[in-house]
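Here are my notes on this one, as promised. Have a look at the model first, then read through the points.

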Amino acid sequence: MTTRYTKDHEYIRIEGDTGIVGISEYAQGQLGDVVFVELPSVGKSLSKGDEAAVVESVKAASEVYAPVSGEVVEVNSDLEASPGAVNEDPSGRGWFMKIRVKDEGELGDLMTEDQYQEFLKSIG
Amino acid sequence: MAEPAHSDEPLLQTPLHDEHVRSGARMVPFAGYSMPVQYPAGILTEHNWTREHAGLFDVSHMGQAFLVAEDKSHETVARALEALIPADVLNLKPNQQRYSQLLAQDGGILDDLMVTRVGAPGHEGWLYLVVNASMKDADYAHIQAHLPQGVSLNRKDGLALMALQGPSAAAVLAGLAPETADLPFMMSAGVQVDGIRCHVSRSGYTGEDGFEISCQAEDAAKLWNRLLADPEVKPIGLGARDSLRLEAGLCLYGHDIDTTTSPIEAGLIWSIQKRRREEGGFPGAERVQREIKEGAARVRVGIRPEGRAPAREGSIITTPDGREVGVVTSGGFGPTVNGPVAMGYVSRDMSAVGTDLHLIVRGKPLPAKVAAMPFAPHRYKR
């Protein structure tokens, strides 16, 4: 199981030809209490860097961008009733969507777990 | 996710800055100050704690000043301020506080402020003003430029200000200063809080019972920590301050009111006492009196979006058939309401409670209704 990160703090965890997308532990901490998540429609085709979802904290709305190109094959509709899962368990119950990865080559542009931890230190 | 913008401007610090940092607050730039937006508990927890217990807020960034008449006459200083604001200052009782607005010649709002007639012996002819942090330099310049001979403005940058708000606030403060227990809403007193000289008023910006406490900057950390030593009291940041005041239906300057809005449009007629409505004699009186008589073309209303999605400041308001009728000026999630809440201006014909509206959020119409404010009931000590 491979997880890759963007500089905007999204993660994508690869499982076969799909990737589970969410936001990192660091990102949920920066956002604060999540009160609403707007998810894309299943079947939507995203290009890398497209606005894929919107996450609203008490304070503000933030965009979540597609880490790679692909088609949305599933969304986490549990977040409608319990958006707080993004804070409590961002890499588990707080996932946003599954994307069928169009070009595995794009994963190479993303950071590994170690690289992401280094990146966090550099911006911290 | 998009990163928040950073500014390289050197930031001012309040006398409580070190206490915030020590508590693990997230500090953000606000009105030129480094201020705590939240503590480790987070905005939702802080909001709910204030509604259920007592929250302690550092509002030392706000401007505190005295307006003083040389002849020690309340009438002299009251007349001087009444030339700039529409509240009845003349009939303030000693220690009484009122909310008002500095008005421009066209009736637009330059800032909102609290005015108190100082009641301490030897301070006849003194008014205590509290203005917004972001506006204090402009406000002081404006006031100074319009003062008659014999009245002077003394800004008190050496004072700290904190707010203790929530249902436990009265019991907590009474434990340290028993005479505050009987202080009515919008009245103030000079008291010793655990031996620290303070000016306490029964008021706030959350809709809850509570106090605003002014003290010397050098005493601020001691007082702050003394209040926090009570298990009922937790520190609360600007994030929850905003969600609390939004649920209470209270205006935030620069958002819900500004130079383009009049006090009547903003629904602040309650802050203009009868004598001033009739007599006028303040900037913009002609517009204010006309809007009282004929109704304003647009008015500030509460809005409840129907789903779970918050509508933020700037969202366009339309009729259900798409005709633009206004704009959201504050909006977000109300933790006590447990849903999104907003306020904004709509044309008067769309302002009745229950009127169906659409809010345009990320290009899509979101069904909403005009709602009565406050969204969370006020619990002031009357």
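1. What are the helix and strand percentages over residues 298–375 of chain B, and how far apart are the end C-alpha atoms? This stretch is 0% helix and 58% strand, with the end C-alpha atoms 21 Å apart. UniProt, in an unreviewed entry, lists these residues as "domain: Aminomethyltransferase C-terminal". UniProt positions are in the numbering used here, feature names are shortened, and annotations may be inferred rather than shown by experiment. Helices (H or I, at least four residues) and strands (E, at least two) are DSSP runs, numbered from the N terminus.

2. A word on provenance. This is a predicted model, where local features need pLDDT of at least 70, side-chain atom pairs count only at pLDDT 80 or more, and totals for chains, interfaces and linings use all residues. Residues are numbered from 1 along each chain as its sequence is written, while chains are lettered from A and ligands numbered from 1 in the order in which they are written.

3. Also in chain B, the unreviewed UniProt entry puts "domain: GCVT N-terminal" at residues 16–274. That span is 25% helix and 31% strand, and its end C-alpha atoms lie 40 Å apart.

4. Chain B as a whole has 9 helices and 19 strands. Its C-alpha trace spans about 65 × 50 × 45 Å along the principal axes. The radius of gyration of chain B is 21 Å, which agrees with the value near 21 Å for a compact globule of 382 residues (taken over C-alpha atoms; the globule rule is 2.2 Å times the number of residues to the power 0.38).

5. One helix pair to look at in chain B: the axes of α2 (residues 43–52) and α7 (residues 238–247) come within 8 Å and cross at roughly 55°. So α2(B) is oblique to α7(B) (angles under 35 degrees count as roughly parallel, over 145 as roughly antiparallel, 65 to 115 as roughly perpendicular and the rest as oblique). Axes are lines fitted to C-alpha atoms, for helices over the stretch in contact, and angles run from 0 to 180 degrees between N-to-C directions.

6. On to the interface: 19 residues of chain A and 15 residues of chain B make the contact (C-beta atoms, placed from the backbone, within 7 Å). On the side of chain A that touches chain B, β4 (34–38), β6 (51–57) and β7 (61–65) of chain A each give two or more residues. β7(A) gives the most, with 4 residues.

7. For chain A, the unreviewed UniProt entry places "domain: Lipoyl-binding" at residues 18–100. This span is 18% helix and 42% strand, and its end C-alpha atoms lie 4 Å apart.

Technical notes: Contact = placed C-beta atoms within 7 Å.
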